[in-house]
Amino acid sequence: MGTIFWPKDPLDGNDMTLLTSILRRWCERYQVELTAEESSRKAKELVEWFEFGVKDPVEFEELIDGKHWLVSRI
């Protein structure tokens with residue numbers, strides 16, 4: 001079995017706290033349950049932006065609000 005090289009740093013506790021707080025605020029703003037599929041898609045989006053290099057909470061919120069139209073309610 002070969003060695004896998006993962007070029008991304010792992011998320012630490014502070015990162016998770018930041019991302020979770022942004023997701024919770026987004027859920028409250030749009031009245032979406034934290035356990036809903038829509039919330040899961042936003043969480044994935046947050047992690048993708050984080051891995052891309054976004055670290056500023058205000059920028060995160062602007063990015064996921066700007067992409068809100070991509071998330072359809074089921």
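Predicted model: local features only at pLDDT ≥ 70, side-chain atom pairs only at ≥ 80, totals over all residues.
Which helices do the buried residues of α2 pack against? They pack against α1 and α3.

## Overall make-up

The protein chain contains three helices and zero strands. Read from the N terminus, its elements follow the order α-α-α. Of the 74 residues in the protein chain, 26% are buried.

Taking contacts between residues at least 6 apart in sequence, 55% join residues at least 24 apart.

In soluble globular proteins, nonpolar side chains tend to be buried together. Here the largest nonpolar core has 11 residues: Leu-19, Ile-22, Leu-23, Trp-26, Cys-27, Val-32, Leu-46, Phe-50, Val-54, Phe-60 and Ile-64. At least two residues of this core come from each of α1 (13–30), α2 (37–52) and α3 (57–66). The most is given by α1, with five residues.

Leu-19 is one of the core residues. Setting aside neighbours within four places in sequence, Leu-19 is in contact with Leu-11, Leu-46, Val-47, Phe-50 and Phe-60.

## Helix α1

The 18 residues of α1 should span 26 Å at 1.5 Å a residue, and the end C-alpha atoms of α1 are 26 Å apart, which agrees. At the N-terminal end, α1 is capped by Asp-12, with a side-chain oxygen 3.0 Å from the backbone nitrogen of Asn-14. After α1 comes Gln-31, which has a positive phi near 50°.

An α-helix has 3.6 residues a turn, so residues three or four places apart point the same way. In α1 the buried residues are Asp-15, Leu-19, Ile-22, Leu-23, Trp-26 and Cys-27. These residues lie on the same side of α1, because they cover an arc of only 140° around the axis. The cover over the buried residues of α1 includes α2 and α3. Asn-14, Thr-17 and Glu-28 are exposed on the other side of α1.

Met-16 is also in helix α1. Is Met-16 buried, partly exposed or exposed? Its relative accessibility is 40%, so Met-16 counts as partly exposed. Met-16 and Val-47 are separated by 31 residues in sequence, and their C-alpha atoms are 9.4 Å apart in space.

## Helix α2

With 16 residues, α2 should span 22 Å at 1.5 Å a residue; the distance between its end C-alpha atoms is 23 Å, which agrees. The buried residues in α2 are Glu-38, Ser-39, Lys-42, Glu-45, Leu-46 and Phe-50. Their arc around the axis is only 140°, so they sit on the same side of α2. On the other side of α2, the exposed residues are Lys-44 and Phe-52.

Leu-46 and Phe-50 also belong to the largest nonpolar core, and both are in contact with Leu-19. Gly-53 follows α2 and has a positive phi, near 125°.

## Gln-31 in the loop

Where is Gln-31 placed? It is in the loop between α1 and α2. The phi of Gln-31, near 50°, is a positive value in a residue other than glycine. Gln-31 has a relative accessible area of 71%, and is therefore exposed, the cut-off for this being over 50%.

## Glu-61 in α3

Glu-61 is found in helix α3. Why does Glu-61 count as buried? Its relative accessible area is 18%, and buried means under 20%.

Apart from residues up to four places away in sequence, Glu-61 touches Ile-22, Arg-25 and Arg-29. The side chains of Glu-61 and Arg-29 are joined by a polar contact of 3.3 Å. Glu-61 and Ile-22 are 39 residues apart along the chain, while their C-alpha atoms are separated by 6.8 Å. Ile-22 is itself among the buried residues of α1 and is one of the residues of the largest nonpolar core.

Notes:
Residues numbered from 1 in each chain as written. Heavy atoms only, no water. Core = buried A, V, L, I, M, F, W, Y, C linked by side-chain atoms within 4.5 Å. Buried < 20%, exposed > 50% of the residue type's maximum accessible area, 1.4 Å probe, protein only. Helix = DSSP H or I, 4+ residues; strand = E, 2+ residues; numbered from the N terminus. Contact = heavy atoms within 4.5 Å. Polar contact = N/O pair within 3.5 Å; in protein donor to acceptor, adjacent residues only side chain to side chain. Expected span 1.5 Å × (residues − 1). Arc of directions from axis to C-beta.
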